[in-house]
Amino acid sequence: MQGPAVPLGGTALALLDRETRALHVEADLGWHRLLRGDGVAWDEYVHQLTVTYGFEFPFEAACSCTPGLGQVIDLRGRSRSKLITQDLLALRWAVDEVKAIRCYALAPFQDVAEALAWMYVVERPSVIHIDVCELRRRFVDLSRATSYLNAFESSASKRRSELGIALDLLCVSDRVCMRVIEAARAGFQALIEWQGTSNPTLQSVG
């Protein structure tokens, strides 16, 4: 089957949005659960932070090892797993406990196309985080543990634009477009599987 090209006057981001839309709801399920009703408990929020850390920390490591990625997009400020560490420490976790969070086993990215596709997967939920920040009204002390949620609050559109520009410059043929789409789908499937079957818990320390 012939791969879809970026439509005339369109963007690679719009193409990715369209081609992966069926996976968005399930991928966002963890964060959406926090927004259902007023009965969200502290441990549910902490669990979501650990699940997210377990996926994003290896993603960031893979990005740092991808040749040429830093030349097509500015990686400064895009690493957010350290902010989850700050939030967990604010919630009175010990450093050793944070280090013991189980992480997704992610192989190094094969190329820039795969790295940018996974970046789309990881950063797309930032629009939800603005809503999740409303949880601060439910928990008196939560405002000191939302560094991760707040990270893109004022720059989400700018970072999405930067990612879109990098993808547009990359997706110059149907072959490359399909490569990015397939990598993004794989990223979503990996995230969904990680959230659905994994329960990151503290491994024994000491």
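The model is predicted, so local features need pLDDT of at least 70 and side-chain atom pairs count only at pLDDT 80 or more, while totals for chains, interfaces and linings use all residues. Residues are numbered from 1 along each chain as its sequence is written, and side-chain values use heavy atoms, with hydrogens and water left out.

**Stop one: two helices**

Select residues 42–64, which are helix H3, and then residues 112–123, which are helix H7; helices here are DSSP runs (H or I, at least four residues), numbered from the N terminus. They pack at an angle of about 155°, with axes 11 Å apart, the axes being lines fitted to C-alpha atoms over the stretch in contact and the angles running from 0 to 180 degrees between N-to-C directions. H3 and H7 are therefore roughly antiparallel, a term that applies to angles over 145 degrees. H3 passes H7 in a left-handed crossing, meaning that the near helix is turned anticlockwise from the far one by less than a right angle.

To see the contact (heavy atoms within 4.5 Å), show Phe55, Glu56, Phe59 and Cys63 of H3 together with Ala115, Trp118, Met119 and Val122 of H7. By class, this contact has seven nonpolar, no polar and one charged residues, where Ala, Val, Leu, Ile, Met, Phe, Trp, Tyr, Cys and Pro count as nonpolar, Asp, Glu, Lys and Arg as charged, and the others, Gly among them, as polar.

**Stop two: aromatic rings**

Next, colour the rings of Phe, Tyr and Trp (its six-membered ring), which pair if their centres lie within 6.5 Å, and are stacked with planes under 30 degrees apart, edge-to-face over 60 and tilted for the rest. The count comes to eight aromatic pairs. Phenylalanine 55 and tryptophan 118 form a stacked pair, 5.8 Å centre to centre with 10° between the planes, and this pair links H3 to H7 across 63 residues. Both phenylalanine 55 and tryptophan 118 are buried, that is, under 20% relative accessible area with a 1.4 Å probe and protein chains only.

Move on to phenylalanine 59 and phenylalanine 109, an edge-to-face pair at 6.1 Å centre to centre and 65° between the planes. Phenylalanine 109 sits in the loop between helix H6 (95–99) and H7, and both phenylalanine 59 and phenylalanine 109 are buried. Selecting Phe55, Phe59, Tyr104, Phe109, Trp118 and Trp194 together shows one aromatic cluster.

**Stop three: glutamate 114**

Finally, select glutamate 114 in helix H7, which is buried, with a relative accessible area of 15%. Not counting residues up to four places away in sequence, glutamate 114 touches Pro108, Phe109, Arg179 and Ala183.

Notes
Parallel < 35°, antiparallel > 145°, perpendicular 65-115°, else oblique. Buried < 20%, exposed > 50% of the residue type's maximum accessible area, 1.4 Å probe, protein only.
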